[in-house]
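Subject: Structure handover

Hello,

Please find the structure below, as promised. My notes on it follow.

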Amino acid sequence: MWRSRGSRDRRTVVCIACGDSVLREDAREYDKEGDRWNRRDKEFEYLCADCDDEISHQPRDGLESLILSIESDGLSTEEFLNRYADAVADDADRRSDEGGSGSRSDRGRSDRTRSDRDRDR
């Protein structure tokens, strides 16, 4: 049977982005594998609502292979970031040429509305 809202876990967790402590019930789960529904043998990290709103919720398919393909020993951070930016731009151009959309979606956004975020700032 489902627990009532009032009996939720009152423990706090630390946001991995800003370091703030927030109630677990107010935090967003972050799964670096991108599959939060498969919960077996996983430890989740957490983001506060504001930090969660600031990250991209785009799919990460192929991200690891892209990073591995541009990575090399002795590469400075600046060189790595330049290679990454070029690879992502090339991919976006390729998708655009194929008729794909390069726009971001709101899929996966937190339950806070855009006006709620703007009012808080």
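**Salt bridges**

A network of salt bridges links R24, E29 and R39. A salt bridge here is a side-chain nitrogen of Lys or Arg within 4 Å of a carboxyl oxygen of Asp or Glu. This is a predicted model, in which local features need pLDDT of at least 70 and side-chain atom pairs count only at pLDDT 80 or more, while totals for chains, interfaces and linings use all residues. Residues are numbered from 1 along each chain as its sequence is written, and side-chain values use heavy atoms, with hydrogens and water left out.

The structure holds four salt bridges. One of them joins R24 to E29, with the closest N and O atoms 2.9 Å apart. R24 is buried, at a relative accessible area of 18%. On the cut-offs, buried means under 20% relative accessible area, exposed over 50%, and partly exposed in between (1.4 Å probe, protein chains only). The areas come from the Shrake-Rupley method with a 1.4 Å probe, and for residues only the protein chains shown count as cover.

Another salt bridge is that of R10 with E25, where the closest N and O atoms are 3.2 Å apart. This pair links distant parts of the chain, 15 residues apart: R10 is in the segment before β1 (12-14), and E25 is in the loop between β2 (21-23) and β3. Helices (H or I, at least four residues) and strands (E, at least two) are DSSP runs, numbered from the N terminus. R10 is exposed, with a relative accessible area of 54%, whereas E25 is partly exposed at 28%.

K42 and D31 also form a salt bridge through their side chains (2.6 Å, N to O). Both residues lie in the loop between β3 and β4, eleven residues apart. K42 is buried, with a relative accessible area of 18%, and D31 is buried too, at 10%.

Y30 is found in strand β3 (residues 28-30) and counts as partly exposed, at 24% relative accessibility. The C-alpha atoms of Y30 and L47 are separated by 6.6 Å, although the two residues are 17 apart along the chain.

D41 lies in the loop between β3 and β4 (45-47). Its phi is near 55 degrees, a positive value in a residue other than glycine. Most residues other than glycine have a negative phi. D41 is exposed, with a relative accessible area of 80%.

**Cysteines**

How many disulfides are there? With a disulfide taken as a pair of cysteine sulfur atoms within 2.5 Å, the count comes to zero. C15 is in no disulfide, and the nearest cysteine sulfur, that of C18, is 3.7 Å away. C15 is buried, with a relative accessible area of 2%. For C48, the closest cysteine sulfur is that of C51 at 3.5 Å, which is too far for a bond. C48 counts as buried, at 9% relative accessibility.

**Surface charge**

D86, D90, D93, D97 and E98 gather in a patch of negative charge on the surface. Patches are made of residues with over 30% relative accessible area and no salt bridge, with like charges joined within 9 Å. Asp and Glu count as negative, and the place of a charge is CG of Asp or CD of Glu. E98 lies in the loop between α3 (77-97) and α4 (114-120) and is exposed, with a relative accessible area of 63%.

Regards

How values were computed. Patch = residues over 30% accessible without salt bridge, like charges linked within 9 Å, V, L, I, M, F, W, Y side chains within 5 Å.
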